[in-house]
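I opened the notebook to record what I looked up in this structure, entry by entry.

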Amino acid sequence: MTVADDADFVIVGTGAAGAAAARVLTGAGASVVMIEEGSEVPAGRLGGGTVDSLGRLMRDGGGQVTSGALKIPLLQAACVGGSTVVNSGIMWRIPPWIYDRWVEEFGLGEALPARELDACFELLERELLVRPTAQDRIGGNGAALRDGAARLAWEAKPTDRSEQDCEGSARCLEGCSNGRRQSMNFSYIPRARAAGARLYADCRVTRVLPAGRDGPAAEGVFTARSGNAGARLRVRARKAVVVAASAVHSPAILQRSGLDTTGHVGPNFQGHPGVAVLGLFDRPVRLWEGATQSYEITEFRRRGIKIESLNLPPEVLAARLPGTGARLAARVAEMERVAAAAIPIRAVARGSVRAYGPFTFVRYAPEPADVALALDGLASTCEAYLAAGARAAFPGVYGLPEQVTDRAGIEALRSARVGPQAFNWVMTHMMGSCRMGADPQTSAVDFRGRPHGVRGVHVVDSSVFPTNLGVNPQLTLMAVAMVLSQRLV
Amino acid sequence: MMNLHPSELEALASLIEAILPGMGAGEDLASRYGRFLEALGPARGLGLRIAVRASAAGLPAVMLGRWARLGALGQQEREECVSRLLSHRRYLVRQVGLLLKVACCTIALQEPRTRERLGLPPVARPDRPRGGA
């Protein structure tokens, strides 16, 4: 059975970029169909604990990892709203030094003019209710970083998040069950639907077709979770197909569709691989209270290190604590006094995305410079925790001392010589795999997001970024998606 | 609910006892394990099930040179087995250990009594209303 539909625009993916595109296109009066591989999870079924959220919201149950020698989890959601459903809603505009590089090195000044990006930032910040985390939602975990940074006179601040009246239940990673965080499932997707957009969830796009006899169009197959498993979907776009399926899956869809016209769809995959530090305090921290990511140390941002408080769920925290057996059980018993921070780094490493049949493989390994940056970030976070009064900090690096308790330990960590396999990396903030540029010799898509030489298919998500950002990319990728979508109407 | 053989649950319980002794290996283990496997999906769930069975059967031989199941060892030896797995010099072996540690901690800390004892908030039930009597 084939379900057929048509609209002015078909948007593949309902995460930050797809929803931003839907906001622009429906706002301009165009008819829009959105297609999402994951399910639509109603608010009342969000916030159901780690296991439940892995199954309902995360791609591959949270088990999507890099191929190759190094196994790095690639954290992405697969649900209506995409990864905005399971992130903390932290918003940053593109750092000026990164934008300057995009303009000077990659020539994006005309494609993404500063004034247009700024207008989008302002609109997004207003509509998505971006604001600093309220003092009474900082929680013990955020306070640990705040106090450490204050004692060391480091630049730090409450995170700017997209939320309204956050209850501080530390459950952002499970999906906000009360709709306080303005993830796309609570903000731009309902808005687009109210403006007439139609949504097909539980449908995996298998290929997109460029302008021509059969296109532009998107074809997909309904997944087992739908009530229509195995049925096919074909949506004809009168104007264009907008691809916003993430830096992992947008290039894979283009490759499956035979639209890698330059050989640059897939390479240049980048991101912010992250490591984590735990701190053991003599006072209660209680990770299960406060905003999930309430505070950040920005002192080292220019160098590519950002330190963020991260209220991990207790079961994930337990697995992150060092040791096993009775020693681990004793540490778990004192979890109430453990703080946790994530350190995503602006890595120089480049990976690649490659689709083989229905499977997608991501190859990625941090470079030695990234390892040095991660060690620097870990050492700085240990320093912050010790300055805030922690009894010990656990950097979690294989082959190095389990805990850091003094200045000598911090310096030993900073100057350690280890390889990338010594870390438990987690990859978030993926981008770059369909790099935008004028030259087909060095880029995958043109300044309108089209694969070079292709008409009717536009990539608008973070895969068009020429470099990573060093900050949480949601706001920037939404602004980029809006600017590119405005060119379509 | 997933149909799990008692020998597999026994294997899992012995791993949980080795990794996080005294926490969450008892009551309601089958349903907590089943929910976790369902969350992982068929392929990754199968991978975990194989890892659980193989580890419980083979870790003592590989790590300690003892022909015994993990559950048949004393507590100290069990912990030693898993400790050697997690600190193994080969990266991929350590990753298997990490996978088992994550799975066991997650499954163990879903047990309401364990959470209560540790002072953790209860696991939310999304299919129930948050307020009301």
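**Entry 1: a loop residue**

I looked up A:A224 and found that it counts as exposed, because its relative accessibility is 72% (buried means under 20% relative accessible area, exposed over 50%, and partly exposed in between, with a 1.4 Å probe and protein chains only). I noted that A:A224 is found in the loop between strand 8 (217-222) and strand 9 (232-243) of chain A; helices (H or I, at least four residues) and strands (E, at least two) are DSSP runs, numbered from the N terminus. From A:A224 to A:I11 I read 213 residues in sequence and 21 Å in space, C-alpha to C-alpha.

**Entry 2: ground rules**

I keep in mind that this is a predicted model, in which local features need pLDDT of at least 70 and side-chain atom pairs count only at pLDDT 80 or more, while totals for chains, interfaces and linings use all residues. Residues are numbered from 1 along each chain as its sequence is written, chains are lettered from A and ligands numbered from 1 in the order in which they are written, and side-chain values use heavy atoms, with hydrogens and water left out.

**Entry 3: chain A as a whole**

I recorded twelve helices and 18 strands for chain A. The radius of gyration of chain A is 22 Å, close to the 23 Å that the globule rule gives for 489 residues, so chain A is as compact as a globular protein of that length (the radius is taken over C-alpha atoms, and the rule is 2.2 Å times the number of residues to the power 0.38). Of the 489 residues of chain A, 63% count as buried, and the C-alpha trace spans about 70 × 45 × 40 Å along its principal axes.

**Entry 4: a buried glutamine**

I then turned to A:Q76, which lies in the loop between helix 2 and helix 3 (96-106) of chain A and counts as buried, because its relative accessibility is 7%. Its side chain makes a polar contact with the side chain of A:Q64 at 3.0 Å; such a contact is a pair of N or O atoms within 3.5 Å, where within protein one must be able to donate a hydrogen and the other to accept it, and residues adjacent in sequence count only if both atoms are side-chain atoms.

**Entry 5: chain A against chain B**

The contact takes 41 residues from chain A and 39 residues from chain B (contact means heavy atoms within 4.5 Å). I counted two salt bridges between chain A and chain B, one of them joining the side chains of A:D60 and B:R44 at 3.6 Å, N to O; a salt bridge is a side-chain nitrogen of Lys or Arg within 4 Å of a carboxyl oxygen of Asp or Glu. I also noted twelve residue pairs in polar contact between the two chains, both residues at pLDDT 80 or more.

**Entry 6: salt bridges within chain A**

In helix 2 I found the side chains of A:D52 and A:R56 meeting in a salt bridge at 2.5 Å, N to O; the two are separated by about one helical turn, because they are four residues apart in that helix. The side chains of A:E411 and A:R407 meet in another at 2.8 Å, N to O, and I noted A:E411 as partly exposed at 32% relative accessible area. A:R303, A:D376, A:E383, A:R407, A:E411 and A:R414 are linked in a network of salt bridges.
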